[in-house]
Amino acid sequence: MKFSAVIAVLSATLAPATAFFSSPSKIRGDDTSVPGNSPLEYCDPEHDNDVLTIKSVDLVPNPPLAGEELVIKAVGHASKDIEEGAYVLLTVKYGLIKLISTTADLCEQIKNVDLECPIKEGQLSITKSVDLPAEIPPGKYTVLADVYTKDDEPITCLQATVVFARGERFLNFEL
């Protein structure tokens, strides 16, 4: 979900999936970790030429829980304007099964986090609340969001492994 347009799009298009981001194999502070209190990672340690510099992404609560509100806070900096025609290559897998493989219009999706194109060069920040469904299927997911300008220039690329355990808040209710 911390941030700049790309994180905003990721959170807007994958709000339910971002709720399950986890990365037990990565250590915070390595070259691929996105700063902040979230399990998001860059796809590649070399992201100095990306249009978007992500300063922080925080999820509250982290880890998110099914049936509860997730607040995504992000701060970033765009090195240039991001215009109509920017897009996201999005892939979501459940184990080895590809659930989603699509190209999404960044400018259409960014409206979900109260931004609109063109996204002007400079500092960006968002705070977005997402109500997560209680019926989220348990399992391990892999999420990849590769974001480009209309001229195919890399904005950013983010990934996460998604783990949701059986019984976590799935059947939790008050009598």
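**Entry 1**

I began with cysteine 107 and cysteine 117, and both are buried. I kept in mind that this is a predicted model. A disulfide joins the two, with 1.9 Å from S to S. I then looked up the place of each partner. Cysteine 107 sits in helix 3 (residues 106–109), while cysteine 117 belongs to the loop between helix 3 and strand 7 (122–131), so the bond ties together parts ten residues apart in sequence. Which hand does this disulfide have? The torsion about the S-S bond of cysteine 107 and cysteine 117 is about -85°, so I noted it as left-handed.

**Entry 2**

How many disulfides does the structure hold? I found two. Cysteine 43 and cysteine 157 make a disulfide as well, at 2.0 Å from S to S. This pair links distant parts of the chain, 114 residues apart. I located cysteine 43 in the loop between strand 2 (41–42) and strand 3 (52–60), and cysteine 157 in strand 9 (residues 154–164). The S-S torsion of cysteine 43 and cysteine 157 is about -75°, so this disulfide is left-handed.

Cysteine 43 has 26% relative accessibility, so I listed it as partly exposed. Cysteine 157 has 14%, under the 20% cut-off for buried. So cysteine 157 counts as buried. I also wrote down the pattern of the disulfides: 1-4, 2-3, counting bonded cysteines along the chain.

**Entry 3: salt bridges**

I turned to charged side chains. The structure holds three salt bridges.

I took lysine 80 and glutamate 153 to start. Their side chains meet at 2.6 Å, N to O. Lysine 80 lies in the loop between strand 4 (69–78) and strand 5, and glutamate 153 in the loop between strand 8 (139–148) and strand 9. The two are 73 residues apart. Are these residues buried or partly exposed? Lysine 80 is partly exposed at 32% relative accessible area, and glutamate 153 is partly exposed at 27%.

Then I looked at lysine 150. Its salt bridge partner is glutamate 83, with the closest N and O atoms 2.9 Å apart. Here too the pair links distant parts of the chain, 67 residues apart. Lysine 150 is in the loop between strand 8 and strand 9, and glutamate 83 is in the loop between strand 4 and strand 5. Lysine 150 counts as partly exposed at 44% relative accessibility. Glutamate 83, at 36%, counts as partly exposed too.

Lysine 120 came next. Which residue does lysine 120 meet in a salt bridge? I found aspartate 81, at 3.7 Å, N to O. Lysine 120 sits in the loop between helix 3 and strand 7, and aspartate 81 in the loop between strand 4 and strand 5, 39 residues apart. Aspartate 81 is partly exposed, with a relative accessible area of 29%.

**Entry 4: a nonpolar patch**

Last, I searched the surface. Which residues form the nonpolar patch? They are Tyr94, Ile97, Leu99 and Ile100. Together they have about 360 Å² of accessible area. Strand 6 (residues 97–105) gives the largest share, three residues. Tyrosine 94 has its place in strand 5 (residues 87–94). It is partly exposed, at 34% relative accessible area. Patch residues need over 30%, so tyrosine 94 clears that cut-off.

Note on methods: Residues are numbered from 1 along each chain as its sequence is written. This is a predicted model: local features need pLDDT of at least 70, side-chain atom pairs count only at pLDDT 80 or more; totals for chains, interfaces and linings use all residues. Side-chain values use heavy atoms; hydrogens and water are left out. A disulfide is a pair of cysteine sulfur atoms within 2.5 Å. Helices (H or I, at least four residues) and strands (E, at least two) are DSSP runs, numbered from the N terminus. Buried means under 20% relative accessible area, exposed over 50%, partly exposed in between (1.4 Å probe, protein chains only). Patches are made of residues with over 30% relative accessible area and no salt bridge: like charges are joined within 9 Å, nonpolar side chains (Val, Leu, Ile, Met, Phe, Trp, Tyr) within 5 Å. Accessible areas come from the Shrake-Rupley method with a 1.4 Å probe; for residues, only the protein chains shown count as cover. A salt bridge is a side-chain nitrogen of Lys or Arg within 4 Å of a carboxyl oxygen of Asp or Glu.
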